[in-house]
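This report describes the architecture of one protein chain for a reader who is new to structural description.

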Amino acid sequence: MSDKKWVYLYSEVKQAEAYAGDWEGVRSLLGGKGANLAEMARIGLPVPPGFTVTTEACNAYIAAGYKLSDEMWSQMLSALADVEKQAGKKFGDAKNPLLVSCRSGAKFSMPGMMDTVLNIGLNDDTAKGMVELTGNERFVYDSYRRLVSMFGSVVLEIDDEAFEEVLDHMKEEKSAKLDTQLTAEDLKKLVELFKAVVKREKGFDFPQNPLDQMRLASEAVFRSWNGKRAIDYRRASDIPDDLGTAVNIVTMVFGNMGDDSGTGVAFTRNPATGEDLLYGEYLLNAQGEDVVAGIRNTEKIVNMANDLPEAYDEFLKICDLLEKHYKDMQDMEFTVERGRLWMLQTRNGKRTAQAAVTIAVAMANEGLISKQEAILRVTPTQVDTLLHPQFDIDSVNKARKAGGVYATGVNASPGAAIGQVYFDADTAEKMAKEHKQEVIMVRPFTKPDDVHGMLAANGILTSEGGATSHAAVVARQFGVPCVVGASSIKIDLNKRLMTAGGVVVNEGDWISVDGTSGEVYLGKMDVKAPNLEEQTDLLTLLGWADEICATDGIRTSVNGSPVRGLQVWANGDSPEDAQRARAYGAKGIGLCRTEHMFFDPARLPIMQRMILAKTSEARVEALNELLPFQREDFAGLFAAMDGYPVIIRLIDPPLHEFMPDEEALLEEVIEMRVKREFAGQYSRNARIQPDDGVARYPLEHRYA
């Protein structure tokens, strides 16, 4: 046996720091989730006892041919014994059972891309013990049926629809709209039906040994690092393949023990707009997957003040503490068990481009971060996103008045998207990539397996879920316009259509999705470019960037002398270009291409005549006609730049840019010959004949 440490208790974060060298090293070793759980425990927040199996263990597991070594398993069992002591419960004990969750956690957050299994440790015997212990039979068998279905889909790789069909059938049989309306007896029967699904699909029984459950679940999490959805996500996010994921084994706390319990996801600021208000959702009598998956429509987090006031007050204090501790907007998961709050996760929250800019500027103004740090938190891609088109307000108002609003949901990720409807991820990806279509992916709710379709789509629409559902979180990160929880829409995946207000939209039909307002429109809406001058936070941030990068002496030249820092100058060939450049913050025109001043349809024939002139007199005559246009352009350009420098390139005309396209002319000739309409072609050719008195044949004669 080696001295290699593969497993760290949350109380051993100092040892992890000593081994990894710094906090970035700890995040690489324990993953973001494990590192932050350990850190929250260290600063005294209510975190359930648990331990982390390192990312190094994941890489070793994969390198060994997807085999968990005896040494790793031995360290996991030793850590489990410590967790049992802290929790005062025994894993697998029928009278006082400890239940745990098994969660993934890479260095960089990958929401929903890897696997989680809850309620590990439940079996036929421990379920009976839990009933005796809690006096809540419904809660126990609700937890047990969740374990069987999650373990079946995640670990045994059974299609989750096999379990969903059984659940939907029972709800229909019992006239229950929600899972919470099923009785304890219903749930006991559901456990047996789910176990029958496992037997039918895999040929063996659901494992009753809690240690087997924990080991197999841990291996499934390690394997999920190389699952298709995780690889697709890493490619889209430029996350290296060799980081690996950690496994977190955490004592279960239960939000499904009744109306004094619940679970939720919240952000310390609005991840869509950046507004400094708590943003999130919760559900009473539920487990975390209900919120994240978007299977049940949720309550706004502010309403928790009415349902669970003491837990809500404590949560507000923790939110403030965590944001100041990490100096960034936090994305948190929590559970309330019988009135007691437990923190299950915190991480720097994914956000839209608009929110990234707003939060960075606000935190710098609050003194939480420096201006330099604020600039570094906004990527060039996010700035580019803010310049993308939005729906034209006149078209929106017209659609609203004409009843063209098809549905309304939660504005989960802003932006305008137009596309053809497709109802599954594979088809959405295929139509976008192979057929080059604009695609809107429509689902009741999305799952991690849908991520490839989400990344390929122009926009995303779901009929279920809320602002912290899987669809919303992924869409925000990648800047995909998204509307979720449009509950008036009824989706028929078998018939490949959706219905709302009596209007049927079939697969392949066009819709428009406004992720800013949460509205969905029939057909194609008009779009327009955004007005940068209205984006005051972005202009503030860009102004800070100009100040910092243009500081005297911030760089040195090749010979060591101090130089002024970088400035942004624009290409501009017209007064309109110059005005736009100044509005975008340019400090000069780096290249004014004078030949581009003559592309205007009113000027182009004169330019063509100048190029084809055979005499100096004819060329001077054409130039004299062009001169007033050019003087007017330069006057407007200099006025717009208002004293900033302008570099002018003297005329350097690439002739092909000013002459008619030969292929296009040939197509016109052929078309006109078919129509026997030659008169128009004669006149068109006459416009570009040199004025030298020499007779020439029209173009069509040259192709006769």
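The buried residues of helix α23 pack against α24 (616-641). Helix α23 spans residues 604-612, and its buried residues are Ile 606, Met 607, Gln 608, Met 610 and Ile 611. Here, buried means under 20% relative accessible area, exposed means over 50%, and partly exposed lies in between, with a 1.4 Å probe and protein chains only. An α-helix has 3.6 residues a turn, so residues three or four places apart point the same way.

The model is predicted: local features need pLDDT of at least 70, side-chain atom pairs count only at pLDDT 80 or more, and totals for chains, interfaces and linings use all residues. Residues are numbered from 1 along each chain as its sequence is written, and side-chain values use heavy atoms, with hydrogens and water left out.

**The chain as a whole**

The protein chain contains 27 helices and 30 strands. Helices (H or I, at least four residues) and strands (E, at least two) are DSSP runs, numbered from the N terminus. Of the 704 residues, 51% count as buried. Along the principal axes, the C-alpha atoms fill a box of roughly 110 × 70 × 50 Å. Among contacts with a separation of 6 or more, 64% come from residues 24 or more positions apart; contact means heavy atoms within 4.5 Å.

**Two helix pairs**

Two packed helices are described by the angle between their axes and the distance between the axes. Axes are lines fitted to C-alpha atoms, for helices over the stretch in contact, and angles run from 0 to 180 degrees between N-to-C directions.

| Helix pair | Angle between axes | Distance between axes |
|---|---|---|
| α1 (residues 13-20) and α2 (residues 23-42) | roughly 160° | within 10 Å |
| α4 (residues 70-87) and α9 (residues 210-224) | about 125° | 12 Å |

Helix α4 is therefore oblique to α9, whereas α1 and α2 are roughly antiparallel to each other. In these terms, angles under 35 degrees count as roughly parallel, over 145 as roughly antiparallel, 65 to 115 as roughly perpendicular and the rest as oblique. The crossing of α4 and α9 is right-handed, and that of α1 and α2 is left-handed. A crossing is left-handed if the near helix is turned anticlockwise from the far one by less than a right angle, and right-handed if clockwise.

On the α4 side, the contact with α9 involves Trp 73, Met 76, Leu 77 and Leu 80, and on the α9 side Leu 211, Met 214, Arg 215 and Ser 218. These residues comprise six nonpolar, one polar and one charged. Ala, Val, Leu, Ile, Met, Phe, Trp, Tyr, Cys and Pro count as nonpolar, Asp, Glu, Lys and Arg as charged, and the others, Gly among them, as polar. The contact of α1 with α2 has nine nonpolar, one polar and three charged residues.

**The five-stranded sheet**

Five strands form an open antiparallel sheet in the order β10-β9-β8-β11-β12. Its edge strands, β10 (299-300) and β12, each pair on one side only; two strands pair if DSSP finds at least two bridges between them. Helix α13 (residues 309-326) packs on this sheet, touching β8 (262-267), β11 and β12, and its direction makes about 25° with that of β12.

Strand β11 (residues 330-337) runs antiparallel to β12 and is joined to it by eight bridges. Strand β12 (residues 340-348) is mostly covered, with seven of its nine residues buried.

Val 336 lies in β11 and is buried, with a relative accessible area of 0%. Beyond its neighbours within four places in sequence, Val 336 has contacts that include Phe 254, Met 304, Leu 308, Ala 311 and Leu 341.

**The eight-stranded sheet**

Eight strands form an open sheet of mixed pairing, in the order β14-β24-β23-β16-β17-β18-β19-β15. The edge strands β14 (405-408) and β15 (410-413) each have a single partner strand, so one side of each is left without a neighbour in the sheet. Neighbouring strands are turned by 30° against each other on average, direction ignored. Strand β15 pairs with β19 (residues 482-484) in the antiparallel sense over three bridges, and Val 410 has Val 484 of β19 as its bridge partner. Helix α17 (residues 393-401) packs on the sheet, touching β14 and β24 (519-522), and its direction makes about 80° with that of β24.
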